Protein chains: 2
Amino acid sequence: MVKQRDDSPVEAGDAMRESPLADDLSFLLARANALSLAAGNAALAEHGLRARSYSVLALAAGDFRPSQRDLAEYLRLDPSQVVALVDGLQTRGLVRREPDPTDRRANVVVATDEGREIYRRASVSARDAEQRLHRGLTSEAREELGALLRALAFPA
Amino acid sequence: MVKQRDDSPVEAGDAMRESPLADDLSFLLARANALSLAAGNAALAEHGLRARSYSVLALAAGDFRPSQRDLAEYLRLDPSQVVALVDGLQTRGLVRREPDPTDRRANVVVATDEGREIYRRASVSARDAEQRLHRGLTSEAREELGALLRALAFPA
DNA sequence: TATTGTTATACTCTATAACTATA
DNA sequence: TATAGTTATAGAGTATAACAATA
């Protein structure tokens, strides 16, 4: 994420619409992500979460019983980063490490009842923030964007 | 960017296709950006650049004569980060700070001849990497993705 | 008074290597 | 031999605050 400022994020852009970067999908992706991450972190702050801890909590609150390795792969984090994220959530009582009965090396990360409740509330804030950010798009456009991003995010 | 691993980035995803995050545009944007940034940085490394220095050089190589402030706004960087980026490029002789004749506070950042040449070569590498990453999309899909990302990256 | 570039500082995120206990 | 989790460390990126020169 990049520093969030109060002024409009455009301004200089008006003069640079035809910059060498204007058609660069990597640049557009990075800038869109920076705005999205800034808005997401701001919305999650009242729940004591950030984007990464929120995404770990979201997966722990589902029915997948992901191992830490699963979390690392899905979230594109190094396993060592998952340790710190799970530690933080576990200290707050939002997730538990449970032994995987089929593999004594592995921990399964599951949300506690409180974790599920915090996740539920945080997901409302996150959704609100996202809708505010994407208010310029029709619901069809959002749908299309999701399909295109899924193709990039999870290549065949 | 997240650590780049040799194995497929999917794996855990197969079991989590229907995770609470699977439809989260912010998450998809973050994951797609992580892959894009990793590929971009890898492609730019042989030119001694990274995504951020490349984007500064790209704008300095255009016809805009951007001030450091312009660069900060367009790239969503703090002005203090631009100082460091321009310092690095200037030390390598790829850009110059020129006084803005209309505002003695401001520097205009322009690419040197060598900077333009490095940029030209780097842009080929960047384009190749991007095409490899987006090979799953038709050119119409890429066009559509660009339009949607522009709407998010540069809100009205 | 406000803005441009700058310095300084702290924090978060990313990347790598090595270790242990299991498989 | 390989994998899951962990520890440690370094480097890159993000966020704030303050200052001098200029508008």
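Predicted model: local features only at pLDDT ≥ 70, side-chain atom pairs only at ≥ 80, totals over all residues.
Eight aromatic pairs over all chains are found when the whole structure is searched. In one of these, the ring centres of Tyr54(B) and Tyr119(B) are 5.6 Å apart and the ring planes stand at 35°, so the pair is classed as tilted. Tyr54(B) belongs to helix 3 (residues 51-60) of chain B, and Tyr119(B) to helix 6 (residues 113-133) of chain B; the contact therefore ties together parts that lie 65 residues apart in sequence. Both Tyr54(B) and Tyr119(B) are buried. An aromatic cluster is formed by Phe27(A) together with Tyr74(B) and Phe154(B).

On the surface, a patch of negative charge gathers Glu140(A), Glu143(A) and Glu144(A) with Glu140(B), Glu143(B) and Glu144(B). The elements giving two or more residues to this negative patch are helix 7 (139-153) of chain A and helix 7 (139-153) of chain B. Within the patch, Glu143(B) is located in helix 7 of chain B. The relative accessible area of Glu143(B) is 56%, and this residue is exposed because the value is over 50%.

In chain A, Phe64(A) is placed in the loop between helix 3 (51-60) and helix 4 (68-75). Phe64(A) has a relative accessibility of 25% and therefore counts as partly exposed. A separation of 8.7 Å is found between the C-alpha atoms of Phe64(A) and Val110(A), two residues that are 46 residues apart along the chain.

Notes
Residues numbered from 1 in each chain as written. Chains lettered and ligands numbered in written order. Heavy atoms only, no water. Phe/Tyr/Trp six-rings, centres within 6.5 Å; stacked < 30°, edge-to-face > 60°. Helix = DSSP H or I, 4+ residues; strand = E, 2+ residues; numbered from the N terminus. Buried < 20%, exposed > 50% of the residue type's maximum accessible area, 1.4 Å probe, protein only. Patch = residues over 30% accessible without salt bridge, like charges linked within 9 Å, V, L, I, M, F, W, Y side chains within 5 Å. Areas by Shrake-Rupley, 256 points an atom, 1.4 Å probe, with all protein chains shown as cover. Salt bridge = Lys/Arg side-chain N within 4 Å of Asp/Glu carboxyl O. Lys, Arg positive; Asp, Glu negative; His and termini not counted. Charge placed at Lys NZ, Arg CZ, Asp CG, Glu CD.
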